[in-house]
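This report describes selected features of a protein model. The sequence and structure are shown first, and the description follows.

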Amino acid sequence: MSRETVEKLSLELSGKSPEEIIRRAVEVFGVSSTALASSFGAEDQVITDILHHEKLQVPVFTLDTGRLPQETYDVLDATRKRYGLQIEVLFPETSAVEAMVTSHGANLFYESVELRKECCRIRKVQPLTHKLSTLKAWICGLRREQSVTRTAIAPVEWDAAFGLYKINPLAEVSEAWVWDYIKTRSVPFNALHDSGYPSIGCAPCSRAVKPGEDIRAGRWWWEIAEHRECGLHREHK
Ligand code: SF4
């Protein structure tokens, strides 16, 4: 698919509902060549629910970094049960984690941006890169209003970092829309959202935010905003 075709598809899907974007993208890229990367945040849960009620057998996978909060494992299991879904769980390479922690300690991410990115690279980016190399497109729960690094997200785009297409069905929706969907359809969600966590990643790198604070202010809060991506979504400025 050429860059022009992707831009045309994205334009066609601009302003469409998340359901329409997902249906059309799956039609274009194929069910077995597309997958949802879920971290069980509110947005990912909405997409999982849409896939279920649209009866689209798109596989769902997640990255278990080894540092996730218990609440995330709880919602993983709740999601498996609710949708009868087999979620593929990807772990980092044991030897790489062992070498990193042996050299730099268990809490290296607080020491420098470089070490934090190295931890994200080993625990998240490497397993994700391996998985994405088997797909034509991946579905993500990114929204434009989530942070200064996500304002240019399109419904469908070429992900140059990983060499496949990225589908962002929730690019244009608001946080209120997401929560209205979750409450209306009783979608299982991470209990940490009720404790002031709008964005949830690894336990040592996520915290609650104050009312009115930026949605991603609780992720790697000790770094400046422009650095606060983990390498999974690198193309948005
Ligand atoms: S979010 Fe924190 S603990 Fe998780 S992989 Fe990145 S640096 Fe490591």
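Predicted model: local features only at pLDDT ≥ 70, side-chain atom pairs only at ≥ 80, totals over all residues.

Just after helix α1, glycine 15 adopts a positive phi of about 85°.

**Helix α1**

Helix α1 spans residues 3-13, and Leu9, Ser10 and Leu13 are buried in it. Viewed down the axis of α1, the buried residues fall within an arc of 100°, so they line one face of the helix. An α-helix has 3.6 residues a turn, so residues three or four places apart point the same way. The face turned away from the buried side of α1 carries Glu4 and Leu11, which are exposed. The cover over the buried residues of α1 includes α2 (18-29) and β5 (156-159).

**Aspartate 44**

Aspartate 44 belongs to helix α3, which comprises residues 42-53. Is aspartate 44 buried or exposed? Aspartate 44 is buried, because 23 other C-beta atoms lie within 10 Å, and the cut-off for a buried residue is 20 or more. Apart from neighbours within four places in sequence, aspartate 44 is in contact with Leu36, Ser38, Ser39 and Gly141. Between the C-alpha atoms of aspartate 44 and glycine 66, 22 residues apart along the chain, the separation is 20 Å.

**The ligand shell**

There are 13 residues around the ligand, and those that come nearest are Phe109, Cys119, Cys120, Cys202 and Cys205. The table divides the residues of this shell by class.

| Class of residue | Number in the shell around the ligand |
|---|---|
| Nonpolar | 7 residues |
| Polar | 2 residues |

Technical notes: Residues numbered from 1 in each chain as written. Helix = DSSP H or I, 4+ residues; strand = E, 2+ residues; numbered from the N terminus. Buried ≥ 20, exposed ≤ 12 C-beta atoms within 10 Å, placed from the backbone. Contact = placed C-beta atoms within 7 Å. Near = placed C-beta within 6 Å. Nonpolar A, V, L, I, M, F, W, Y, C, P; charged D, E, K, R; others polar. Arc of directions from axis to C-beta.
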